[in-house]
Amino acid sequence: MSKPKAPRRLPDTEAQAVLRNLRVSPRKLNLVAQLIRGKKADRALAELEFSPKRIAKDVRKCLQSAVANAENNHGLDIDALVVAQAHVGKNLVMKRMNTRARGRGARIEKPFSQITIVVRQVEAA
């Protein structure tokens with residue numbers, strides 16, 4: 001016997017996608033997430049397409065995944081989707097050492113982050 005299916009955590013008009021282990025600091029990733037918060041999905045995809053930030057390509061793939069989840073898994077209209085949330089979180093941190101003078105060492109931290117994108121279907125006004 002299997003476990004019963006878990007209830008949905010999001011309302012019926014929302015879908016999400018999560019991208020984990022992005023090799024960029026959360027602070028830099030949040031700058032890209034601010035570009036798309038509250039915008040229509042097609043407009044947000046266009047913003048990310050022409051953004052000069054390196055990580056914008058990965059965020060664009062995550063947004064495309066959220067739109068595909070909305071369409072295929074939940075039957076939402078992709079023309080009426082808006083980026084409801086785009087929140088960034090910390091993930092693991094690689095620790096490295098850099099040699100310094102007189103036998104000392106300096107710590108280098110290479111942070112990872114994750115982004116969660118939630119798209120919502122809005123009714124035409």
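By class, four nonpolar, three polar and four charged residues make up the lining of the largest pocket, where Ala, Val, Leu, Ile, Met, Phe, Trp, Tyr, Cys and Pro count as nonpolar, Asp, Glu, Lys and Arg as charged, and the others, Gly among them, as polar. The model is a predicted one, in which local features need pLDDT of at least 70 and side-chain atom pairs count only at pLDDT 80 or more, while totals for chains, interfaces and linings use all residues. Residues are numbered from 1 along each chain as its sequence is written, and side-chain values use heavy atoms, with hydrogens and water left out.

The residues that line this largest pocket are K5, A6, P7, R8, R9, L10, E14, A15, Q16, N69 and H74, and the space within the pocket comes to about 270 Å³. Rolling a probe the size of a water molecule over the atoms shows where empty space is left. Here the search runs on a 1 Å grid over the protein atoms alone, and a pocket is an open set of points where a 1.4 Å probe fits, with protein on both sides within 12 Å along at least five of seven lines; a lining residue has an atom within 4 Å of a point. Grid points are joined across faces, edges and corners, and the volume is the space filled by probe spheres set on the points. Strand β1 gives the most to the lining, with three residues; helices (H or I, at least four residues) and strands (E, at least two) are DSSP runs, numbered from the N terminus.

One of the lining residues, E14, has its place in strand β1. E14 counts as buried because its relative accessibility is 6%, given that buried means under 20% relative accessible area, exposed over 50%, and partly exposed in between (1.4 Å probe, protein chains only). Leaving out residues up to four places away in sequence, E14 touches R8, H74, L76, V118, V119 and R120, a contact being a pair of heavy atoms within 4.5 Å.

From the pocket we turn to the core. The largest nonpolar core, which is a set of buried Ala, Val, Leu, Ile, Met, Phe, Trp, Tyr and Cys residues joined through side-chain atoms within 4.5 Å, has 27 residues, and those with the most contacts inside it are I36, V59, L63, I115, I117 and V119. Two or more residues of this core come from each of β1 (14–22), α1 (26–36), α2 (41–49), α3 (56–72), β2 (81–99) and β3 (105–121), and α3 supplies the largest share, seven residues. For I115, the contacts beyond four places in sequence are A17, V18, L19, L22, L29, A33, V59, C62, H87 and V88.

The charged side chains form six salt bridges, counted where a side-chain nitrogen of Lys or Arg lies within 4 Å of a carboxyl oxygen of Asp or Glu. One of them joins D12 to R8 at 3.9 Å, N to O; D12 counts as exposed because its relative accessibility is 63%, whereas R8, with a relative accessible area of 36%, is partly exposed. R43 is exposed at a relative accessible area of 51%, while E47 counts as partly exposed at 23%. Through salt bridges that share partners, K39, R43 and E47 are joined into one network.

Three further residues deserve a look in the strands and the loop. K110, found in strand β3, is partly exposed at 30% relative accessibility, and its C-alpha atom is separated by 11 Å from that of M97, 13 residues apart along the chain. Setting aside neighbours within four places in sequence, K110 is in contact with R23, L92, V93, M94 and R96. N21, which lies in strand β1, has a positive phi of about 55 degrees although it is not a glycine, and N21 is partly exposed, with a relative accessible area of 46%. R102, in the loop between β2 and β3, likewise is not a glycine and has a positive phi of about 60 degrees; at 78% relative accessibility, R102 counts as exposed.
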